[in-house]
Amino acid sequence: MSTYHAPLTDIRFALHDVLQVESLFSTLGFDDANRETVDAVLDECTRLCEGVLAPLNRIGDVQGVRFDKATGAVTTPDGFKAAYDQFVEGGWTGISAPTEFGGMNMPHAIGICLEEMIDAANLAWSNFPLLSHGAVNALHHHGEAWQKEVFLKPLIAGTWTGTMCLTEPQCGTDLGLLKTRAEPAGDETYAITGTKIFITAGEHDLTDNIVHLVLARLPDAPEGSRGISLFVVPKIRVARDGTVGERNAVRCGAVEHKMGIHGSATCVMNFDGAQGYLVGQPHKGLMAMFTMMNTARLGVGVQGLGLATRAYENALRYARERLQSRALSGPKLPSKPADPILVQPDVRRMLLTCKALTEGGRLLAYHAGSLVDSAAHAGDAPARQEADDLLGFLTPIVKGCLTEWGNECTSHALQCFGGHGYIAEHGMEQLARDARITTLYEGTTGIQALDLMGRKTLQLKGAGLRVFLGMIEGFCTEHATDAALAEFIGPLREKAGEWQALTRAIVERASADPEEIGAAAHDYLFFSGYVALAYWWARSVAVADASSRSETFKAGKRETARFYFSRILPRTLTHAAVIASGPAPLLSITDEALDS
Ligand SMILES: Cc1cc2nc3c(=O)[nH]c(=O)nc-3n(C[C@H](O)[C@H](O)[C@H](O)COP(=O)(O)OP(=O)(O)OC[C@H]3O[C@@H](n4cnc5c(N)ncnc54)[C@H](O)[C@@H]3O)c2cc1C
């Protein structure tokens with residue numbers, strides 16, 4: 001079975017040393033989020049993750065959720081409910097929610113760290129509380145006062161959970177195709193009718209009520225994505241004064257049998273004239289849902305990070321213990337029958353790839369988390385706008401890259417186990433299976449790439465990119481004469497220049513041929529992700545060197561940064577070359593010739 005020990009040293013390094021969150025939080029008005037409190041929260045969450053959630057990870061995989069066709073009830077795996085009750089009692093569901101509705105108002109940057117640990121401990125379980133955050137955000141931003149009063153308190157307290165109901169059989173990526181209808185009932189409520197599929201936590205036994213946020217069309221709705229409205233539809237009806245009534249006409253019709261996250265309930269939800277309330281303006285539901293999706297996208301990126309971290313921990317332990325073959329330069333442990341596989345350069349390649357992508361990825365994700373806080377609470381409007389621009393630009397990178405790297409790292413970690421990685425009892429194949437979903441839900445990697453290239457770069461004229469390039473330039477200038485960092489500063493500056501030039505070139509070509517965008521998007525996403533990580537690695541070395549941390553820790557950062565710059569960053573060369581080839585290699589071949 002795979003184990004999980006939260007990487008607290010690196011989490012604290014990222015938060016306190018590199019991102020210096022204590023002073024950021026105090027400028028943003030989070031007076032209670034001092035270092036002592038943050039560390040205490042991290043310690044407490046570690047206990048919960050290691051002691052309660054991680055031991056349920058395999059049980060959830062083996063048992064999965066159970067569905068009773070006769071009643072539509074879904075039963076979660078053994079131990080999931082008790083763990084959820086403990087989670088609720090500890091106040092974890094409201095950790096970064098507004099105090100006005102019973103939350104603790106901790107910064108989102110801390111929420112992201114906790115999510116990383118919870119996801120790593122038990123991804124399937126983590127999906128039950130995950131979508132409540134999104135529902136809280138959507139209602140908080142777009143709901144009427146009474147809706148906030150009635151729905152936010154139980155969602156934040158965790159006594160109810162939330163869902164996000166977008167997908168239908170004929171409509172996944174393209175939400176303009178959705179058919180679910182909302183008919184006015186004449187009493188300020190709507191009758192919602194339609195079938196939603198793949199709904200995470202659509203039905204379960206963890207709470208009495210479930211608050212579905214549902215996209216549907218009003219009778220006079222225009223065609224396409226402009227005609228979609230958002231509704232709140234509780235499983236058990238709730239009146240405007242908060243009185244809980246009878247069962248609503250919404251029911252789980254089936255649960256999906258999946259490749260991974262077996263303990264997470266993925267439900268077909270049938271709405272049969274269910275009573276719902278409009279959230280926000282008619283026909284503006286997609287915008288409201290985007291509030292929810294953006295939070296969830298960062299959250300799914302962090303799922304990739306969590307799984308990669310756990311996979312690395314286990315692969316490293318195994319590589320130290322497993323004795324096979326001798327080092328190429330001669331025996332390292334002559335008294336033993338063989339050397340540990342850790343001495344083999346190829347095994348170190350896989351392990352270091354995991355270490356470089358997870359520790360660099362952690363900074364990418366936590367920084368994005370801190371931007372959520374700055375975008376909402378920075379003192380002046382330009383600072384809030386700048387944070388928002390950068391957050392918008394980084395969100396598809398966090399979601400797209402961290403989930404793909406999560407798949408890469410869980411695969412490397414499984415490979416380190418050899419054939420034993422393929423055998424269920426080690427738990428490595430579960431991590432690889434569980435990681436696979438992260439590149440699909442909340443918008444596939446292809447859709448993240450299009451969001452980055454199309455919306456965040458072309459439509460918004462690269463506002464977020466400019467902020468990030470400014471950060472890189474500021475860092476490079478600050479350390480321009482620092483001989484110890486020269487090996488990183490030069491290549492980083494060069495890559496930042498290439499990033500800017502590449503962006504300009506794509507934008508220019510796209511004005512002549514729109515297919516350029518789709519053809520370049522995937523490689524542009526990864527080019528961007530790798531340069532962003534180069535910045536975080538260079539900065540990690542600078543910060544570690546200047547700190548009072550141990551020499552081993554400092555060397556760990558420096559050597560991993562060297563590995564990153566020499567063995568991972570060059571992937572950008574391939575991405576740039578692919579982008580330069582344009583759409584022709586993809587589009588010239590006729591559809592018929594694809595199977596000729
Ligand atoms: C386990 C699980 C849990 C889920 N949870 C939820 C949930 O809670 N709520 C919810 O509403 N949905 C949920 N989903 C649905 C999920 O978000 C969708 O599956 C996903 O968005 C993709 O939609 P699709 O499956 O219809 O694929 P499609 O949209 O049919 O896409 C198929 C392929 O075509 C590509 N593609 C499509 N359009 C474009 C384009 N314009 N440009 C480039 N490529 C394109 C996609 O990238 C993909 O590779 C869940 C799915 C799963 C499997």
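# Close-up views of a predicted model

**View 1. Ile489 sits in helix α15 (residues 486-512).** Helices here are DSSP runs of H or I with at least four residues, strands are runs of E with at least two, and both are numbered from the N terminus. The structure is a predicted model, in which local features need pLDDT of at least 70, side-chain atom pairs count only at pLDDT 80 or more, and totals for chains, interfaces and linings use all residues. Residues are numbered from 1 along each chain as its sequence is written, and side-chain values use heavy atoms, with hydrogens and water left out. Ile489 is buried, at 6% relative accessibility. Buried means under 20% relative accessible area, exposed means over 50%, and partly exposed lies in between (1.4 Å probe, protein chains only). Not counting residues up to four places away in sequence, Ile489 touches Phe475, Cys476 and His479. Contact means heavy atoms within 4.5 Å. His479 is 10 residues from Ile489 along the chain, and their C-alpha atoms are separated by 7.5 Å.

**View 2. Helix α1 (residues 8-18) is largely enclosed by the rest of the structure, because 10 of its 11 residues are buried.** The buried residues are Leu8, Asp10, Ile11, Arg12, Phe13, Ala14, Leu15, His16, Asp17 and Val18. They pack against α2 (21-27), α3 (35-53), α6 (108-121), α10 (345-377), α16 and α17 (551-568). Just after α1, Gln20 takes a positive phi of about 45°.

**View 3. Tyr366, in helix α10, touches residues that include Ala14.** Tyr366 is buried, with a relative accessible area of 0%. Tyr366 and Ala14 are 352 residues apart in sequence, yet 7.7 Å apart in space, C-alpha to C-alpha. Leaving aside neighbours within four places in sequence, the contacts of Tyr366 are Ile11, Ala14, Leu15, Leu19, Ala109, Ile112, Cys113 and Glu116.

**View 4. The largest nonpolar core has 162 residues.** A nonpolar core is a set of buried Ala, Val, Leu, Ile, Met, Phe, Trp, Tyr and Cys residues joined through side-chain atoms within 4.5 Å. Met117, Trp499 and Tyr564 have the most contacts inside this core. Helix α16 (residues 515-545) gives the largest share, 20 residues. Apart from neighbours within four places in sequence, Trp499 is in contact with Phe393, Leu465, Phe468, Leu469, Ile472, Tyr524, Phe527, Ser528 and Val531. A second, separate core has 34 residues, including Trp146, Leu175, Leu230 and Val232.

**View 5. The ligand is surrounded by 19 residues.** The closest are Met164, Thr167, Thr173, Phe198 and Thr444. β3 (160-165), β5 (190-200) and α13 (445-459) each supply at least two residues of the shell. The largest share, 3 residues, comes from β5.

**View 6. Thr167, Phe198 and Thr444 place polar atoms by the ligand.** A polar contact is a pair of N or O atoms within 3.5 Å; within protein, one must be able to donate a hydrogen and the other to accept it, and residues adjacent in sequence count only if both atoms are side-chain atoms. A polar side-chain atom of Thr167 lies 2.6 Å from a ligand nitrogen. A polar backbone atom of Phe198 is 2.7 Å from a nitrogen atom of the ligand. For Thr444, a polar side-chain atom lies 2.6 Å from a ligand oxygen. Taken alone, the ligand exposes 970 Å², and the protein buries 61% of that. Accessible areas come from the Shrake-Rupley method with a 1.4 Å probe; for residues, only the protein chains shown count as cover.

**View 7. Thr163 lies in strand β3.** Thr163 is buried, at 0% relative accessibility. Leaving aside neighbours within four places in sequence, Thr163 is in contact with Leu131, Ile199, Thr200, Ala201, Gly202, Ile210, Val211, His212, Leu213 and Met292.

**View 8. Ser132 is found in helix α7 (residues 123-142).** At 7% relative accessibility, Ser132 is buried. Beyond neighbours within four places in sequence, Ser132 is in contact with Leu155, Trp160, Thr161 and Gly162.

**View 9. Cys165 is too far from the closest cysteine sulfur for a bond.** A disulfide is a pair of cysteine sulfur atoms within 2.5 Å. By this rule the count is 0 disulfides. The sulfur of Cys165 is 9.4 Å from that of Cys267, the closest. Cys252 is in no disulfide either; the nearest cysteine sulfur, in Cys267, is 4.0 Å away. Cys165 is buried at 0% relative accessible area, and Cys252 is buried at 2%.

Conventions: Near = heavy atom within 4 Å.
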